[in-house]
Amino acid sequence: RRSRLAAERLLELKQAELFAANRKLGNHARALSDEIVVTRAEVANVRDENVRVKSDLNVAHKKVEIAERRLWHSVETIQDGFAVFDADSEMVAANTAYLSIFDGLEEVVPGVSYVRILQFLTEEGIVNTGDMAANQWRAMMTDRWHGSTLEPIVVELWNGQFIKLVDRRGQGGDVVSLGLNITASVQYER
């Protein structure tokens with residue numbers, strides 16, 4: 001009888017421990033379940049935010065494209081030449097007025113180097129170098145281009161037009177080049 005009572009007490013004790021362990025596991029499972037619900041909600045919020053950000057970026061990208069297109073259309077309406085060169089002195093873009101003096105020269109497109117443009121100007125007789133030899137004129141123009149300040153310079157084209165080159169270097173080394181047709185002013189001064 002004693003052993004039976006001891007076994008019953010041991011059984012009751014083990015059942016109590018098992019019940020406590022089950023309760024503890026149940027509480028832990030509930031906590032994990034709640035954590036999963038919260039995590040799923042956070043993931044859903046992140047997904048929604050991601051969709052919103054992508055949408056906002058698409059809208060912003062379209063606005064930038066529209067602004068670039070408007071800017072370029074504006075630059076194209078300028079009657080004077082306009083070109084942008086990168087820090088490596090390669091043409092990034094140029095308007096029709098700038099490219100028109102190179103009519104028929106298919107190499108003068110974005111990507112052409114400034115030095116190559118100078119070669120075209122002298123080799124094709126586009127520019128009047130005056131008393132200077134072509135290589136001296138190119139060396140002078142190259143030195144000007146690489147100098148710390150790009151002083152404006154006037155060049156005469158083969159057709160008697162005078163172009164004032166006004167170049168400005170930006171912070172990253174890019175150069176904006178304007179070719180202003182000042183033929184009327186030169187003729188007036190004469």
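This is a predicted model: local features need pLDDT of at least 70, side-chain atom pairs count only at pLDDT 80 or more; totals for chains, interfaces and linings use all residues.

Reader: Let's start with β4; which residues make up its covered face?

Author: In β4, which spans residues 153-157, the covered face is formed by Ile153, Val155 and Leu157, whereas Val154 and Glu156 make up the uncovered one.

Reader: And how many bridges join β4 to β5, and in what sense do they run?

Author: There are four bridges between β4 and β5 (residues 162-169), and the two strands run antiparallel; within this pairing, Ile153 stands opposite Leu165 of β5.

Reader: What about the hairpin there, which residue takes a positive phi?

Author: That is Gly160, with a phi near 90 degrees, in a hairpin that has four residues between β4 and β5.

Reader: How does β3 pair with β4?

Author: Strand β3, residues 127-128, pairs with β4 in the antiparallel sense over two bridges, and Asn128 has Glu156 of β4 as its bridge partner.

Reader: Switching to the largest pocket, how much space lies in it?

Author: The largest pocket holds about 310 Å³ of space, and of the 23 residues lining it, Tyr98, Ile101, Ile163, Leu165 and Gly179 are the closest to its centre.

Reader: Which elements give two or more residues to that lining?

Author: They are α2 (96-100), α3 (114-123), α4 (134-146), β4, β5 and β6 (175-181), with the largest share, four residues, coming from α3.

Reader: And what is the lining like by class?

Author: The lining of the largest pocket comprises 14 nonpolar, seven polar and two charged residues.

Methods
Residues are numbered from 1 along each chain as its sequence is written. Side-chain values use heavy atoms; hydrogens and water are left out. Buried means under 20% relative accessible area, exposed over 50%, partly exposed in between (1.4 Å probe, protein chains only). Two strands pair if DSSP finds at least two bridges between them. On a 1 Å grid over the protein atoms alone, a cavity is a set of points where a 1.4 Å probe fits but cannot get out, and a pocket is an open set with protein on both sides within 12 Å along at least five of seven lines; lining residues have an atom within 4 Å of a point. Grid points are joined across faces, edges and corners, and a volume is the space filled by probe spheres set on the points. Ala, Val, Leu, Ile, Met, Phe, Trp, Tyr, Cys and Pro count as nonpolar, Asp, Glu, Lys and Arg as charged, and the others, Gly among them, as polar.
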